[in-house]
Amino acid sequence: MKRRTFIAAAATAPLAATTQLTGHASATSAGRGRSYETVARFWGAMPTGVTVSRRGRVFVNFPRWGDDVPFTVAEVRDGEPVAYPDAEVNREDPSDLAGHLQSVQSVVVDPADRLWILDTGSPLMAGSSYGGPKLVAVDLRTDRIVRKILFPPEVVPSDSYPNDVRFDLRRGAEGMAFITDSAGSNGVVVVDLATGRSWRRLAGHVSALPDDGFLPVIEGEPFMNRPADGEPTHFEVGSDGIAIGADGERLFYCPLSSRRLHSVAIDALADPDASDAEVAATVEDLGSKPMADGLESDDKGRLYGGDLEHNAIWRRKPDGTYETLAQGPDLIWVDTLSVASDHHVYAIANQLNRQAKHQEGHDLRRKPYLLVRLPIDAGPVRLR
């Protein structure tokens, strides 16, 4: 296949200068839907996750997938990423897996305004060992780590990839976390935040698995794994996007290699004594949706996601209908989304599809990677 340059799409829409959150970013939209703003531009490593605290502090993360990643978690200050909570804990250290952040895939501020860091423990997606995969909590009042939960190998095996996390602090003594696992047998990991106990659900369930033969078209060409040497193979990633309903009754999730959306009863997930069959019996097929990476929800019962095949951001209404909120040529691979207290949804656009492993060994990403936001008439889901 002839290698593409992707120059035209990157140059079509005017990009705003990097701005602080307290300032006014210029509109960057050039397509359908409402205008969106550029909050930050990243000229170094590729980001995947974003989250926003009640006071408007913005945090992002950079997994160690092969870029030069001096820190895997950062706070965006004056438009620039700064190692968070400090440089030392961000230092990759195979000799101290539990004491350092190895490769972070997601950051999420919970309903109590604590920052939770989801460490895959798997740099280069090469597999993990005990101590690497973990949830780490940071008190945003002191900027200090206050909790660390390690996942045992029977819950997060070495071939797993913990991807994204959501919280319901009303359950149990101190709340529960729900995590998608996008590799291995796929599924959802549940964590009791009071005890640190965790368990695995929906492992191998069809709703969590990539679709057989799934072949999306992104930026005009079939998207596959395309090594420099060897035949192309299908891109197969399971349960990835995750969102929690505004009433805390259902957990929404989707495989990345799919256009399907499912939900499951949180009561069933949160019961450590429920059988796999009992949990699976509560799964609902919610039909088709655009191919999306991350999912998000708001306090009005709506879901959000990126439409990877159309450079867009969509919203799903409670009645199951979809609307395009924004579309533009620079919204290339909308990854994680975060609904914030300022009534905006924030999103990372990171050009993941242009990585070398998808482009016959040629890295076609064109910096900067973007953090954008667009206004909505709702706030985040806070279950506490």
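Start by selecting arginine 315 and aspartate 377, whose side chains meet in a salt bridge with an N to O distance of 3.7 Å. The pair links distant parts of the chain: arginine 315 sits in strand E22 (residues 312-316), and aspartate 377 lies 62 residues away, in the segment after strand E26 (369-375). Note that the model is predicted. Arginine 315 is buried, at 5% relative accessibility, whereas aspartate 377 is partly exposed at 41%.

Next, select arginine 365 and aspartate 363. Their side chains form a salt bridge at 2.8 Å, N to O. Arginine 365 is buried at 12% relative accessibility, and aspartate 363 is partly exposed at 39%.

Then go to aspartate 93 and arginine 91, a salt bridge whose closest N and O atoms are 3.5 Å apart. Which of the two is buried? Aspartate 93 counts as buried because its relative accessible area of 12% is under the 20% cut-off. Arginine 91, at 38%, is partly exposed.

Move on to strand E8, residues 134-139, and colour by accessibility: six of its six residues are buried. Lys134, Val136 and Val138 point one way from E8, while Leu135, Ala137 and Asp139 point the other way.

Now show the strands that pair with E8. Strand E7 (residues 114-119) pairs with E8 in the antiparallel sense over six bridges, with isoleucine 117 opposite valine 136. Strand E9 (residues 144-150) also pairs with E8 in the antiparallel sense, over six bridges, and here aspartate 139 stands opposite arginine 144. E8 and E9 form a hairpin with four residues between them. Select aspartate 143 in the turn to find a positive phi of about 60°.

From Asp139, step to the second largest pocket, whose lining consists of Ser53, Arg55, Arg57, Ala112, Asp113, Arg114, Asp139, Leu140 and Arg141. The pocket volume is about 230 Å³. By class, this lining has two nonpolar, one polar and six charged residues.

Finish at the largest pocket, with a volume of about 360 Å³. Select Trp65, Met125, Tyr161, Ser182 and Val237, which lie nearest the centre of this pocket among its 23 lining residues. The lining divides into eight nonpolar, nine polar and six charged residues.

How values were computed. Residues numbered from 1 in each chain as written. Predicted model: local features only at pLDDT ≥ 70, side-chain atom pairs only at ≥ 80, totals over all residues. Heavy atoms only, no water. 1 Å grid on protein atoms, 1.4 Å probe; cavity = no way out; pocket = protein on both sides within 12 Å on 5 of 7 lines; lining within 4 Å. Points joined across faces, edges and corners; volume = space filled by probe spheres on them. Nonpolar A, V, L, I, M, F, W, Y, C, P; charged D, E, K, R; others polar. Buried < 20%, exposed > 50% of the residue type's maximum accessible area, 1.4 Å probe, protein only. Helix = DSSP H or I, 4+ residues; strand = E, 2+ residues; numbered from the N terminus. Pairing = 2+ DSSP bridges. Salt bridge = Lys/Arg side-chain N within 4 Å of Asp/Glu carboxyl O.
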